[in-house]
Amino acid sequence: FEILGIAGMLSAGWVSDKFFRARRGPIMAMYMFLLSFGMLAFWLTPAGHPFVYTAALGVCGFLIYGPLMLVSVAAVGFAGKKAAATVSGFTGLCGYMGAVVSGAGAGWVIDNYGWDAGFIMFIASGALSACCFALTWNVLPRSLAK
């Protein structure tokens with residue numbers, strides 16, 4: 001998960017620079033959309049297939065870490081040099097607050113409705129975040145927008 005996550009971070013940055021002219025929205029949207037399918041594959045893999053589980057989990061790591069890194073990069077690009085530290089700190093704060101809440105929220109859903117509901121929630125969250133990132137599809141960093 002973590003090793004492929006590093007590869008996902010590096011590839012997301014490279015692809016967004018090389019093919020999307022530093023637009024981060026398309027890559028974040030695509031990675032999160034594909035993550036929904038990775039989670040679906042992980043969820044639907046029958047018991048007794050550890051290599052398939054491992055591969056699906058690795059794909060999920062690859063697809064999660066790309067947007068995780070690009071969110072800060074995109075925010076700094078949108079805000080510009082004067083507000084870079086502030087916006088980076090704000091995205092970090094939101095990320096940590098989300099991590100705290102998501103553990104309790106996911107635990108509550110799984111405790112009350114089971115793992116199937118938990119996976120449905122994770123898959124839907126990936127699809128919803130892809131839609132949110134898609135809203136920034138054509139937004140360039142401030143330095144390139146002029």
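Modeller: Here we go through some labels for this predicted model and the reasons for them.

Biologist: Let us begin with the overall picture. How many helices and strands are there in the protein chain?

Modeller: The protein chain has six helices and zero strands. Its pattern along the sequence is α-α-α-α-α-α. The C-alpha trace spans about 55 × 30 × 25 Å along its principal axes, and 35% of the 146 residues count as buried.

Biologist: What makes the pair R24 and D17 a salt bridge?

Modeller: As a general idea, side chains of opposite charge can pair when their charged atoms come close. The cut-off is a Lys or Arg side-chain nitrogen within 4 Å of a carboxyl oxygen of Asp or Glu. Between R24 and D17 the N to O distance is 2.7 Å, so the pair meets the rule. The count for the model comes to one salt bridge.

Biologist: Is R24 buried or exposed, and how do you know?

Modeller: Buried means under 20% relative accessible area. R24 has 12%, so R24 counts as buried.

Biologist: Why is S16 called buried?

Modeller: S16 has a relative accessible area of 0%, which is under 20%, so the label is buried. S16 sits in helix α1, residues 2–19. Leaving out residues up to four places away in sequence, S16 touches R21, A22, R23, R24, I27 and L70.

Biologist: Which residues have the most contacts inside the largest nonpolar core?

Modeller: They are I27, L35 and M39, in a core of 18 residues. The elements giving two or more residues to this core are α1, α2, α3 (50–79) and α5 (115–134). Helix α2 supplies the largest share, seven residues. As for L35, residues touching it include C60, L63 and I64.

Biologist: Which residues form the nonpolar patch on the surface?

Modeller: F33, L34, F37, L40 and L44 form the patch, with about 480 Å² of accessible area together. Among them, L40 lies in helix α2, residues 25–44. L40 has a relative accessible area of 30%, between 20% and 50%, so L40 is called partly exposed.

Biologist: How do you know that the structure holds zero disulfides?

Modeller: A disulfide is a covalent bond between the sulfur atoms of two cysteines. The cut-off is a pair of sulfur atoms within 2.5 Å. The closest cysteine sulfur to that of C60 is in C131, 18 Å away, so C60 is too far for a bond. For C132 the closest cysteine sulfur is also in C131, at 6.9 Å, again too far for a bond. The count is zero disulfides.

Biologist: Are C60 and C132 buried or partly exposed?

Modeller: C60 has 1% relative accessibility, so C60 counts as buried. C132 has 44%, so C132 is partly exposed.

Technical notes
Residues are numbered from 1 along each chain as its sequence is written. This is a predicted model: local features need pLDDT of at least 70, side-chain atom pairs count only at pLDDT 80 or more; totals for chains, interfaces and linings use all residues. Side-chain values use heavy atoms; hydrogens and water are left out. Buried means under 20% relative accessible area, exposed over 50%, partly exposed in between (1.4 Å probe, protein chains only). Helices (H or I, at least four residues) and strands (E, at least two) are DSSP runs, numbered from the N terminus. Contact means heavy atoms within 4.5 Å. Patches are made of residues with over 30% relative accessible area and no salt bridge: like charges are joined within 9 Å, nonpolar side chains (Val, Leu, Ile, Met, Phe, Trp, Tyr) within 5 Å. Accessible areas come from the Shrake-Rupley method with a 1.4 Å probe; for residues, only the protein chains shown count as cover. A nonpolar core is a set of buried Ala, Val, Leu, Ile, Met, Phe, Trp, Tyr and Cys residues joined through side-chain atoms within 4.5 Å.
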